[in-house]
Amino acid sequence: MELRQLRYFVRVAELGSIGRAARDLGVVGSALSQQISRLESELATRLLTRTSTGVVPTEAGTAFLRQARLTLRHADQAVAAARETRLSGMVSVGFAPTTASVLARPFHTAMTQRHPNVRLHLVEGLSGNLGDLLNGRKLDLAVLFQNDSGGQGRGLIPVLDEKLFLLARRGLFAVPDGEPTTLAQLAPLPLAVTSKAHGLRAWVEAAFDRAGLEPWIAIEVDGMTTLMDIVQANAMATIQPGAAVARVEAGLLTMHPIDDPYLYRRNSVACMNDEELSPAALAARSVLVDVMRGLVRQGGWPGATLLDS
């Protein structure tokens, strides 16, 4: 027995006509008559008596009508209660600085629209630190990269790959803005990089090792805002994902794809196991993945390509 059948029966009984009820419900008369017949077959009793002017409930139909109305009222109340008790709670989400620059604002907007009663705690930090916070249960979710220890043994949803680019103070690099470069061309440039404790530095050094080159490390900075400020204020360059351009004053830096197939990083949404996540955190994870994919499809994540999903 379905709620739809109860609604159909109640309306037919109230209007006294299958034809009028069908028009009121927006269904075909034959389909409505078939549903009533199925309901009577399931109950093994006649609910309606056909007359020359329409239909009237039988004695069994009258008794069934009272209970059907009560059942429908309870069902409507259950739906209303579910809608009123919206998803709520606090969800902590971690982003690396470059990721936050492109993702934090649209993620917050999407969560506000879809789950307005869920409060967000957004944490910006270097990816290695985010992994530690995730392992310590101080974050529900984090966007981590392929060699971050915080994702090991946890739920991981790989979402996208993003290329790494050379960002150089304008006038420092002879190659025209937007043109690709090689590691050999950028080896003589003074670089601002993170310390060896962080994944991006390891990828950069591995790329130079493969090419048999030694990078010129001019300064180590474990803070993206400070790092980009130093690069913009000095004759210096850095190697960063395309999202880093969101923190760059227009016109100060040139941006160059690097001709190395391994200079990219994989972005995954990392979290605790599903049974450890609250309903609000599960909802936030779904929104986070949707927003990441949407940004790539709309061209809002420079240098990023979606993984198969």
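Helix 2 (residues 18-25) packs against helix 3 (residues 29-43) at about 110 degrees, with the axes 9 Å apart. This is a predicted model, where local features need pLDDT of at least 70, side-chain atom pairs count only at pLDDT 80 or more, and totals for chains, interfaces and linings use all residues. Residues are numbered from 1 along each chain as its sequence is written, and side-chain values use heavy atoms, with hydrogens and water left out.

**Helix pair**
- The two helices, helix 2 and helix 3, are therefore roughly perpendicular (65 to 115 degrees).
- Axes here are lines fitted to C-alpha atoms over the stretch in contact, and angles run from 0 to 180 degrees between N-to-C directions.
- On the helix 2 side, Ile 18, Ala 21, Ala 22 and Leu 25 meet Gly 29, Leu 32 and Ser 33 of helix 3 (contact means heavy atoms within 4.5 Å).
- That contact of helix 2 with helix 3 splits into five nonpolar, two polar and no charged residues, with Gly counted as polar.
- Helices (H or I, at least four residues) and strands (E, at least two) are DSSP runs, numbered from the N terminus.

**Strand 6 and its partners**
- Strand 6 (residues 155-169) runs antiparallel to strand 11 (residues 264-271), joined by eight bridges (pairing takes at least two DSSP bridges); Glu 162 sits opposite Arg 265 there.
- With strand 12 (residues 304-306), strand 6 pairs antiparallel over three bridges, and Leu 160 stands opposite Leu 306.
- Strand 9 (residues 237-241) pairs antiparallel with strand 6 over five bridges, putting Leu 167 opposite Thr 238.
- Strand 10 (residues 253-257) also pairs antiparallel with strand 6 over five bridges, and His 256 is the bridge partner of Leu 166.

Conventions: Parallel < 35°, antiparallel > 145°, perpendicular 65-115°, else oblique.
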